[in-house]
Amino acid sequence: MYLFIVCVSTAKDVTYICPFIGPVRGSLTVTNYRLFFRCTDREPVFGLDLPLGALSRAEKIGAATSRGDVSYGLVCKDMRNLRFVHKELEDSLKKSAFEVLMKFAFPVSNNMSLFAFEYKQVFPENGWKVYDPLAEYKRQGLPNESWRISKVNDHYELCDSYPAALFVPVTITDEELRRVFSFRAKGRIPVLSWIHPESQAAVVRASQPMVGQNGRRCKEDEKLLQAIMDANAQSHKLFIFDARPSVNAAANKMKGGGYESEDAYQNAELVFLDIHNIHVMRESLRKLKEVVYPNIEESHWLSNLESTHWLEHIKLILAGALRIADKVESGKTSVVVHCSDGWDRTPQLTSLALIMLDSHYRTIRGFQILLEKEWLSFGHRFQQRVGHGDRNHTDADRSPIFLQFIDCVWQMTRQFPAAFEFNEYFLITILDHLYSCLFGTFLCNSEQQRLKEEVPKRTVSLWSFVNSQLEEFVNPLYVHYPSHVLFPTVGIRHLQLWVTYYIRWNPRMRPQEPVHQRYKELLAKRAELQKRVEELQREAANRTASSSSERAGSPTRSITPVQTFV
Amino acid sequence: MLSLGSGGAKSTKPSFVSYVTPEEIKAEKDPPKKEKHPDLLPGEVEFCSANPILKYSQDDLSQHGVFGTLFCTNFRVTFISDETPQEKTAKTFKNKLYGEKNDIPLMCVDHIYGVYDEKRKLITGGLVKNKYPSKMIIHCKDLRVFQFCLTFTKEEDAKKIFQGIAHHCLEEKSLKCVFAFSYMGTPSPGTDLSFCREMLRKQETIMFDSPEDWTQEMKRTKANCRLVIENKNFELSQRLPKYFVIPLAIGDLFSYQGKGLPIWCWSHYSGCALFKASFPPVTQEDGDFQKHLETMINAVAHNYLYSVKTEDLSESLPNIQDIQQSYNKFKQFFLIENSTDFWLSDVKWFSSLESSGWLDIIRQCLQKAVEVVECLEKDNTNVLITEEEGTDLCCVISSLAQIMLDPYYRTLMGFQSLVQKEWVAGCHAFLDRCNHLHQKDKECHSPVFLLFLECVWQLVQQHSPAFQFSETYLTVLSDSVHVPIFSTFLFNSAHHREGVMKAESPLAQSGPLSCPTVWDWSVQFDSKAQNFFYNPLYSEKVKHEKAVRKPHKPKHQRQLSLPSTAFKTPLKKGFFKDETDSLKKMLQVKRLSRWMGSPDSPAATTREFYESWQHRPVDYHGLLLPCLDGPAVRVWMQRYLRWIPEVYILGGGSVAMTTKLMELLSQVQDLKRVLEQRDTSQAAKIDHRPYIQHRLLSFGSSGRLSSSFPFAYTRNRSFKPIIPTGLMQRLMVTDSLASQEDEASSVASFV
């Protein structure tokens, strides 16, 4: 199945200390892609299959004990920890299995390439073709009389973390844009993300202005924001959403950053959304893992969950996106969204707001486009935030920003069970391959880097895999409402911990049979019946055709045509 | 200070600050002379009324409202708006007895608060006398909250209505004053035809008020026990049902007024059975009584293989006062008066829930029921559960165990029969526990029946396809407890019921009494609305398949999920267990054990039991066990959040899914029908499954229904997102992380 997998080493008689069922003895195989543990003595057969990319930390725990056991602890990015024990003094083969593991788990630290570059599976679909920026903007009706495409960043000279294709108001020249580049942090200037098909209210994303302590101003930046407002005739106001808590935004002035003053930006209203930074989020997830893995303390479950603040952060992000979507939809007002650099909280907010506003992004392919656009092309630093193949697990740049976004999407799918074309398994698959390093999709930090590394040429896209077996990822209850805005409820009372992701390793939390299965059965039954009806209809038609055509409106005609979902 | 344009209303106290904008006051400058009156139910009498009263609308963030007349009748408190009624939208789910928007059955009132000079006070008897509050807040037992402003009406009217409502809702009263006794005196409404249909429907719910019902139930479960008819006239005990079933081995019925008598609940196909009994605490000196109890336990052991486990529920579960206290705390989180309260409490939501302990009590009850199930299913041991009265937690645990074991009780009719068997015929003291009469004695109030419904809801949400009824059904049932019309929830025991009914019957001139039971759902809902009681996901048993496989089985036969041996032995100690089992059988040793004495903790063994069950293939018609881990026990969102506009999901929620499923099912059904029409050669009957009627429901723009559907149906609700107020969270991030830069390069020292 996996091409270019090297079966590197196998060790027998290794014990896996399972936190749920106790020690399990079996054989451990390590390849350059994954770790595979199997125990055939048990009923049912016990297996463990883990891509090495999911490892965040792997180490020998303590010295050999008096009994000569050596134990290895593996900390995973996907909310579990594994522990293996084996006898030290036996043949060298076993030892090598773990040595190989250490080597292949962190290829980047060992100056090797990630497995995605070795993986050569061929799929019927080419996922790299899913996102074509111009086609996507064209779907939104762009360019139009107010918005144009600018080639100013064609070779990533002005901003290496932005995409090549940028949409800006027609009234702003490239020359003016160049000046704005120097005024926005990391050159991430305000550019269009999405435009409302009717009101022309736009969602614009950026990074913080480099205001500094002295209140620096940039008249081109002010003009750009004014132009963004003017591009929407429906409203004479512009909302600037700063994702940060106001205290942090103010503190950024010390380092040259800051936020737009309402003096400099006439008609603009600044709103802080109080979302915390990557370090707070990382810490929150760490606490969450402590609470859910391996064991859940029943009597204090709820207060423990509260103390992680995880759902509170989710609430704030969703609430922020909701306010943005509301301003655009109900207020018909254009909005500018930024945080500090505009590559963490900003894509969280814009992509969630876009999912609320545009039903296209709730389809499987639309969601892929959304990720490609808002996250990948606009330079969310996946390499840094996930730390692909990097041994340095304490790296302060790591943070579960993308996971948090997917969690928010999951919360929305719970609240609107018929509004999304994809199912929960689709979201989990994306997260699993965020870490697996099997596909090239989430590698590198920006579009520019991916091109430089020739990622699209040398690796397979996750969407090739997904789009070649869509039926796995389809929500059987999906109803397509074309122009339907979703406003989720953000109260903690309606937010749930995503048990099937965060606690999926706990066998007790697994349902006997997912309800999903029931839906599929129903759909299958309908399809089967429909087929039979059609057969009979055909048969009847043949019969009546020979006699006469008097019964044009036969009862079978009156049945509403049934769409097929699967 | 406000002065009202007309109507002669006295000016209010100077200290009163109006919440109402002047425009709103102007709106009622012309008080309608032609008074509106509520449509009274047969037997309903109006006590008093007052106009104009301002009713604050709940789903509005500001303190706006509508003017109208507030009435108090012998059935309800009702508000009628002065505004001309808006065009009636076809509401699919409407209670025929009372409207959810403006009617509060007297029995449904939980607490009344008065706002005096901006201070909120709980209204008790003493406060009613002279002063009346400017604002009256009513908390209902179904968790609705109403707010009325009394300052616009005449002082005497305001006083009268306030005192009237306070009196009828809060003062202790006699059972005869309950509306059911006025209501049932009138001939039952509706045509004969519908009455006949009702009778037919009723017949399906087994009432367990005749010896035949019990005989039938014993036959169904293949029980080998004895039906007792000696208590027909309550000579044996007034706390016992008229008819009940006991182990064969009991000879002496008449000692100790039936105390300690093991009442049969249900028999497992293996032969072992579940019994419950009232065991009063025994003192050391009372040797005779102790001996009596021993005899009783022995009799249970005789039922099957001389083994019995007894469990004193009052030892291992919270008592009824604990349950009451916990629920009182819990419900406060849902009685929300305004948006600010809502968002403030949202921050501490999880820890508040935990501090009430309510979810934990639910977990404990389910856990205990699983222990009972384990004994019956795995060990094939007779089980005797006891408590002092034998009619509270015994009912909870025995009903839960039966639902887990017997798929018949997961059908709608089966479930109703179960409630009849264990709770109504089983003499649960509904009247005292629900405090229908507002007795001062607080000791005996406790939401035990609600606790049972909560536990059932947990099972329903975890194993939806196994249940024929929906969560809406459970919610409606929990509301119906407080509708003072149904005989089901009005009495403390069978003896009590019979006594009252006999005494009351001369009052009703027209023949026998016809106080409806709650199962007569047509009293509250038309058949279209009743469709919401059925779960569209229910995985119905395929009938012909069964007929092929087990043609000899009678109709109500439970499916024997697996041979019990396949499930009997846990891996660890399997060998010894088998050996002792056979030894036991050979020697017929009496085994009297208590849970407490067993080596493993009950939680650990049930864990193992759960896990081995989990590994078996899914069988919705076999044994069903709940997952009890922290995240699996949830809040019954529909019941508790349905009246809170801040949590409505417009166009979403489970209703979106239900609608889609119903659509799907109706398509399947249509296709089937077409097939059958085509199939002229065979006059096969159409499968009339009840839930298929769902196709009749047209949700129209289902995309715009709110998650609270079918409750809190709001017509003209604007499609606006609910944005948290006070979003500036005091999210306490105390460490230094919050102030750090996103870019780690500037904080190299960070670890």
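Q: How much area do domain 1 and domain 2 of chain A bury between them?
A: In this predicted model, the two domains of chain A bury about 1900 Å² between them, 62% of it on carbon and sulfur atoms. This is called buried area because it is accessible area that two parts lose on being put together, summed over both.

Q: Which residues of domain 1 of chain A lose the most area to domain 2 of chain A?
A: They are A:F20, A:K77 and A:M79, together 41% of what that side buries. Among the elements, β5 (55–61), β6 (69–76) and α1 (92–105) of chain A each give two or more residues to the side that touches domain 2.

Q: What makes residues of domain 1 and domain 2 of chain A count as in contact?
A: Contact means heavy atoms within 4.5 Å. By that cut-off, 18 residues of domain 1 of chain A are in contact with 25 residues of domain 2 of chain A.

Q: How many salt bridges and how many residue pairs in polar contact lie between domain 1 and domain 2 of chain A?
A: The salt bridge count is zero. Eight residue pairs are in polar contact.

Q: Why are β4 and β6 of chain B said to stand at the edges?
A: The open sheet of chain B runs β4-β3-β2-β1-β8-β7-β5-β6, with antiparallel pairing. β4 (103–105) and β6 (119–122) each have a single partner strand, so one side of each is left without a neighbour in the sheet.

Q: How do you know that β5 and β6 of chain B pair?
A: Pairing needs at least two bridges. β5 (residues 109–116) and β6 of chain B have four, in the antiparallel sense; therefore they count as paired. B:V115 has B:R120 in β6 as its bridge partner.

Methods: Residues are numbered from 1 along each chain as its sequence is written. Chains are lettered from A and ligands numbered from 1 in the order in which they are written. This is a predicted model: local features need pLDDT of at least 70, side-chain atom pairs count only at pLDDT 80 or more; totals for chains, interfaces and linings use all residues. Side-chain values use heavy atoms; hydrogens and water are left out. Buried area is the accessible area (1.4 Å probe) that two parts lose on being put together, summed over both. A salt bridge is a side-chain nitrogen of Lys or Arg within 4 Å of a carboxyl oxygen of Asp or Glu. A polar contact is a pair of N or O atoms within 3.5 Å; within protein, one must be able to donate a hydrogen and the other to accept it, and residues adjacent in sequence count only if both atoms are side-chain atoms.
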